[in-house]
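Reader: I'd like to learn how to read the surface and the helix packing of a model. Could you walk me through one?

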Amino acid sequence: MSNYNGYRCPVCGKAFVQGDDIVVCPDCGTPHHRACYRSLGHCANEAQHATGEQWSPAAGAEAGEDSAQTDATVLCPRCGSHNPAGNIFCQVCGQQLTAGQAPGASPYGPGPEQGYHKASVPGPEDLPSWMDSLLSRVMEEPELIPGISNQDVCDYVGPNNLVFLLRFQRLAHSGIKISLNWCAFFFSFLYCFYRKMYKLGILLMLIILAAMIPVLLAAVPLFSEMLAQYGTLNLDALLDLSSPVVLQYRNAALLFQAVVSLVNFFCGLFFNTAYFRRVCKEIQAVQATGHFSSGSPEYHYALARRGGVNINAVLVAVCTMIVLYILAGVGLSYQL
């Protein structure tokens, strides 16, 4: 079949793209979308059949030229800026560019519906004034820091890329190292694994596990004394027991709670700063080691593959903690 890409269907007016189901009128050769031809029931140029007029590519040259001009740049649906046709995200505001892309048809791997996150952010007309001002600031400064553009950050971060981009902008310009992140506060080291901050996640997890050791050591004499006096382990026996070992256990438990709280506050206040440094370092590594030009589709795909999130790492960390808790309980039972 001939290549009709760029020419327009005479029924719906849309330009043909790769993968469209196209049928051609047997009388005049006019191409149609199959669904459009069926809905109309006949050729759109049926009136010209009597004159013997034939459709030719030259007749659609103007449509092809318009389409080529449109394909040369992609218009961002949020900020209205023009981007190269190969861009995955807007190089100004970070909005994902999906116009004109067939679902899952990317030659470099998963398409936007398969591998990339599309930020569900309302349009400019629906934004509150404070968010609109922040977006305006981002659009005025296409580079986060010299050598790293907003689009690079959005490609690497993936989910919630615009939220992190705004945080990184504040960190880069204010010089303040404290930035609140509620997800990191509540999930602490697990959120580090989710964002592929593996070294920081392992370090914080080891600190929490180390804080549990005094609790386990204090629990051995406490439970032994409870069994000796009451023959059972329950809350009533613990509250009724008056012994120095109870105070030791309570102090160890308070120390553990204090360590957990400190880890949570550290993640909540300083995770964004640590993640900002990590993102910049990883993007620079891709720029230094990648065998492709900066700004090419391969470059943006490499950033998306290297960054993003990893839910499997979170599951591994949770399973590791559960196994360690079980082993600690078995070891405690063995000591008793």
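**Surface and packing**

Author: The chain exposes about 18600 Å², with carbon and sulfur atoms supplying 60% of it (Shrake-Rupley method, 1.4 Å probe; for residues, only the protein chains shown count as cover). This is a predicted model, where local features need pLDDT of at least 70 and side-chain atom pairs count only at pLDDT 80 or more, while totals for chains, interfaces and linings use all residues. Residues are numbered from 1 along each chain as its sequence is written, and side-chain values use heavy atoms, leaving out hydrogens and water.

Reader: What percentage of the 336 residues count as buried?

Author: Buried means under 20% relative accessible area, exposed over 50%, and partly exposed in between. Here 38% of the 336 residues are buried.

Reader: Which residues form a nonpolar patch on the surface?

Author: Patch residues have over 30% relative accessible area and no salt bridge, and nonpolar side chains (Val, Leu, Ile, Met, Phe, Trp, Tyr) are joined within 5 Å, like charges within 9 Å. A salt bridge puts a side-chain nitrogen of Lys or Arg within 4 Å of a carboxyl oxygen of Asp or Glu. In this chain Ile176, Ile178, Phe266 and Phe270 make up the patch, together about 360 Å² of accessible area. Phe266 has a relative accessible area of 34%, so Phe266 is partly exposed.

Reader: Where is Phe266 found?

Author: In helix 11 (residues 244-289); helices (H or I, at least four residues) and strands (E, at least two) are DSSP runs numbered from the N terminus.

Technical notes
Buried means under 20% relative accessible area, exposed over 50%, partly exposed in between (1.4 Å probe, protein chains only).
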